[in-house]
Amino acid sequence: MSRLDAIRAAEAKLLLSTYDRNPILFVGGEGVHLVDENGDRYLDLLSGIGVNALGYRHPAIEEALVRQGRTLIHTSNLYFHEGQAELALRLTERSGLARAFFANTGTEAWEGAMKFARAHAGLLRSEGKQIGTKFLALEHSFHGRTFGSVSTTHKAKYREPFAPVVSGVDFVLFDDVTDLRAKFSNEICAILVEAIQGEGGIRPLSQEFLAEARKLADSTGALLIIDEIQAGLGRTGKWFAYQYYDIQPDITTVAKPLAGGIPLGAVLCTEEVARAIHPGMHGTTFGGGPLACAVAIAVIDTIEKDQLLNNATQVGNYFMDGLRTLAKRHEAITEVRGKGLMLAAELDSADLAKKVVAEMLKRHILINCTSDTVLRFLPPYILTRAHVDTALKALDEILTEHVGTAHSAAAAGGIKHG
Ligand SMILES: Cc1ncc(COP(=O)(O)O)c(C=O)c1O
């Protein structure tokens, strides 16, 4: 029995079956590549679902891990350590927000954001304002799996098995300003959005929608909360995706790439929101520990030093152009979306999308499919044009083989791969 088969058999017996894993056993990685048990390399265009922004075995992460691992790993939040304020400074400077709370994961950061919104509304009520406790979230949204987060996550299949979820959440049609206006009232304590939806299929909100959400929230004292857990911290070519809209949220949440694979999330908020939070109201044993903070500082400093926002923009644009060229050649690609290195090609069938992901895997290229029909690309920020060429060539071959080329004029011109 191979090592992989032995592990599969053991997991089948011992783990809850929450995942339908791909049959690969990864044992290492280097740069943008993962390495399996046979020593085969895979080009990773998913980076652990948007986590490994610096790829694998990045020296800055290794150095921070070893240094901090030898010094102090955990103290609890009952005492000071050197990392939290240093990391909070980096995050507040870049986000334009004033204060940070550290959690461990994305969903936990989002729970914090929801609780802070309720607490803030409570404070406003105590000051005589008329504001309720309800939330408006968006169609196609994904905010995580814990109870508050899953209540604001749109897909019924994530919520229904666990019903009743947290009440008081209404969903607005995606990017529909009229529906937003109709559903907003002073019953709402916060409007919850991703500037670019991730799991929902890499869907950017329009300027008009986000501006209207900001305006409506301002009209009652409700909060605009933008979830940047997937889009934030440089993936789109800016530190925060909302910066493309020039619109400031009252709260934002970050996690995935924050500490280079060590679990860490953060809620960032304004001074106005912070007024509502006092010692003992919220907390965590592990969140913002010395190890995670040290690595996060190294990640942020490396993104800055190596100009990886610029790389995400440049290589992302190149990738996007390549996908658009492919879309001209292959009718099966119905839309190409995204920003920087948060990209998607939507296909005209879920079966085809599944097939393409499987065929890419056979060619040792990792991507995934979200929202059934959307091929998603969330590569490390260190990706180069040569890696993009490899991916585009494979996609072109797979689509040609499994669907054929539809647009003969474009096909005659061929597609350039380099
Ligand atoms: C936008 C967004 N919010 C929240 C989450 C939940 O994060 P986590 O899986 O770390 O709990 C995710 C995860 O995919 C996400 O993409």
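**View A. Helix 12 and helix 14, whose axes come within 10 Å of one another and cross at roughly 15 degrees.** In this predicted model, local features need a pLDDT of at least 70 and side-chain atom pairs count only at pLDDT 80 or more, while totals for chains, interfaces and linings use all residues. Residues are numbered from 1 along each chain as its sequence is written. Helix 14 covers residues 385–402, and helix 12 covers 308–329; helices (H or I, at least four residues) and strands (E, at least two) are DSSP runs, numbered from the N terminus. The axes are lines fitted to C-alpha atoms, for helices over the stretch in contact, and angles run from 0 to 180 degrees between N-to-C directions. The crossing angle makes helix 12 roughly parallel to helix 14, where angles under 35 degrees count as roughly parallel, over 145 as roughly antiparallel, 65 to 115 as roughly perpendicular and the rest as oblique. The crossing of helix 12 and helix 14 is right-handed; a crossing is left-handed if the near helix is turned anticlockwise from the far one by less than a right angle, and right-handed if clockwise. Val315, Tyr318, Phe319, Gly322 and Leu326 of helix 12 make the contact with Arg385, Val388, Leu392, Leu395 and Asp396 of helix 14, two residues being in contact if their C-beta atoms, placed from the backbone, lie within 7 Å. By class, this contact of helix 12 with helix 14 has seven nonpolar, one polar and two charged residues, where Ala, Val, Leu, Ile, Met, Phe, Trp, Tyr, Cys and Pro count as nonpolar, Asp, Glu, Lys and Arg as charged, and the others, Gly among them, as polar.

**View B. Helix 13 and helix 14, packed at an angle of about 130 degrees with their axes 10 Å apart.** Helix 13 (residues 350–362) and helix 14 are therefore oblique to each other, and helix 13 passes helix 14 in a right-handed crossing. On the side of helix 13, Leu352, Lys355, Val356, Glu359 and Met360 meet Ala394, Ile398 and His402 of helix 14. The residues of this contact divide into five nonpolar, one polar and two charged.

**View C. Helix 3 and helix 11, packed at an angle of about 155 degrees with their axes 9 Å apart.** This angle between helix 3 (residues 59–71) and helix 11 (residues 290–305) makes helix 3 roughly antiparallel to helix 11, and the crossing of helix 3 and helix 11 is right-handed. By class, the contact of helix 3 with helix 11 has ten nonpolar, three polar and two charged residues.

**View D. The boundary between domain 1 (3–58 + 307–413) and domain 2 (72–305).** The domain bounds come from an automatic or database domain assignment, and 28 Å separate the centres of domain 1 and domain 2, taken over C-alpha atoms. At the boundary, 27 residues of domain 1 are in contact with 24 residues of domain 2. Among the elements that each supply at least two residues of the side of domain 1 that touches domain 2 are helix 2 (47–50) and strand 13 (333–339), but helix 12 gives the most to that side, with five residues.

**View E. The residues around the ligand, of which there are 14.** Gly106, Thr107, Gly144, Ile229 and Gln230 come nearest, and a residue is near a molecule or strand if its C-beta atom, placed from the backbone, lies within 6 Å of it. Helix 5 (residues 106–126) gives the most to this shell, with three residues, and the residues of the shell divide into four nonpolar, seven polar and three charged.

**View F. Backbone details at Pro164 and Leu233.** Most residues other than glycine have a negative phi, and most peptide bonds are trans. A cis peptide bond, with omega about 0 degrees, joins Ala163 and Pro164, and Pro164 lies in the loop between helix 7 (156–159) and strand 6 (169–172). Leu233 has a positive phi of about 65 degrees although it is not a glycine.
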